[in-house]
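The sequence and structure are shown below.

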Amino acid sequence: MTNNKNNNSGIQRDLQNKLVLITGGAGGVGLECARHFAQLGADLLLIGRRNDQLKAATKMLKKEFDVRAHSLAGDVRNSAFAQQAVEYAHKALNSSIDILINNAGTIFRGDVLKTDDEQWREVIDINLNGVFYFSRAVVNQMQDGGAIVNISSTCGSRASAGLAAYCSSKAAVNMLTKTMALELAPRKINVNGVAPGAINSPMLFSKHLSDINDANIIKKNKDSIPIGTIAEPKEVARAVIFLCHEKHITGEIIALDGGFTVA
Ligand SMILES: NC(=O)c1ccc[n+]([C@@H]2O[C@H](COP(=O)([O-])OP(=O)(O)OC[C@H]3O[C@@H](n4cnc5c(N)ncnc54)[C@H](OP(=O)(O)O)[C@@H]3O)[C@@H](O)[C@H]2O)c1
């Protein structure tokens, strides 16, 4: 038996014509998320440091999906830049941001004793502080009823020797996600995370200390994943879209790891 007075509940968030800001939007996972939002008729604002990559990404999105796609180059480590992105949306696009995907990220591979101050700070600055700066700036202007999805990692809940800075940054992102979910629930803003294991996307193959080739990286990762494959960026993008559609899921970190963290 349903209650008619509750007739606004149960309806998915419509993503058409919503403005979606994606940090790291021209990278492997970020661009795949952008393509999935574009397919649903959303407008896009892509953020990253490399302007040429951003321009190529927006050109492709406009051509392939006939959507409004814009970009702004800058560094997520700069809190003033987060504010600038929000203002850019208002002035140039005449819109507040409806959906934020905090996806920009970096990794440092090396034991704690081999991690210098600069390497530690870089990872924490990009992976954690960047998420904080963009989330704060965006929710300050977001209409009630928006959504935030943070791209975390299995490393946020499961330790991995040689990835101390990365694991610490993603664990903190998980807690920021849950805390913000509580703070923003009264405004009906959903805050969730996706925690992938290995993804067939540039970061998996970057910054290795030894000369390991791509095929061996894939094999090594597959061997530790119960389902026996690494994820494709489109699988992460579909989880992101799901979390943006659903209004009753908040404060969740969805593992997308082929069973890695339950093994
Ligand atoms: N690949 C994996 O196996 C894997 C697994 C689990 C989780 N993840 C997470 O998934 C996300 C995306 O990873 P990916 O594999 O798609 O990596 P990617 O292709 O290297 O993309 C990372 C993106 O972040 C941007 N970025 C990095 N530092 C930035 C900064 N300081 N300011 C602004 N933008 C910055 C990069 O653009 P610019 O360089 O132009 O700035 C790039 O577009 C990351 O959060 C990562 O931790 C990846």
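This is a predicted model: local features need pLDDT of at least 70, side-chain atom pairs count only at pLDDT 80 or more; totals for chains, interfaces and linings use all residues.

A disulfide is a covalent bond between the sulfur atoms of two cysteines. Cysteine 33 takes part in none, and the nearest cysteine sulfur to its own, that of cysteine 244, lies 8.5 Å away.

Seen from cysteine 244, the closest cysteine sulfur is that of cysteine 33, and because the separation is 8.5 Å, the two are too far apart for a bond. The cut-off for a disulfide is a pair of sulfur atoms within 2.5 Å. Both residues lie away from the surface: cysteine 33 counts as buried at 1% relative accessibility, and cysteine 244 counts as buried at 0%.

## Residues with positive phi

Most residues other than glycine have a negative phi. Aspartate 66, although not a glycine, has a positive phi of about 55 degrees. Its place is in the loop between α2 (51-65) and β3 (69-73), and with a relative accessible area of 71%, aspartate 66 is exposed.

Lysine 207 is likewise not a glycine, yet has a positive phi of about 60 degrees. This residue is found in the loop between β6 (190-196) and α6 (214-223). At 44% relative accessibility, lysine 207 counts as partly exposed.

## The second largest pocket

The second largest pocket has a volume of about 570 Å³. It is lined by 22 residues, of which Arg13, Lys188, Asn190, Lys247 and His248 are the closest to its centre. By class, the lining of this pocket comprises ten polar, seven charged and five nonpolar residues.

Methods. Residues are numbered from 1 along each chain as its sequence is written. Side-chain values use heavy atoms; hydrogens and water are left out. On a 1 Å grid over the protein atoms alone, a cavity is a set of points where a 1.4 Å probe fits but cannot get out, and a pocket is an open set with protein on both sides within 12 Å along at least five of seven lines; lining residues have an atom within 4 Å of a point. Grid points are joined across faces, edges and corners, and a volume is the space filled by probe spheres set on the points. Ala, Val, Leu, Ile, Met, Phe, Trp, Tyr, Cys and Pro count as nonpolar, Asp, Glu, Lys and Arg as charged, and the others, Gly among them, as polar. Buried means under 20% relative accessible area, exposed over 50%, partly exposed in between (1.4 Å probe, protein chains only). Helices (H or I, at least four residues) and strands (E, at least two) are DSSP runs, numbered from the N terminus.
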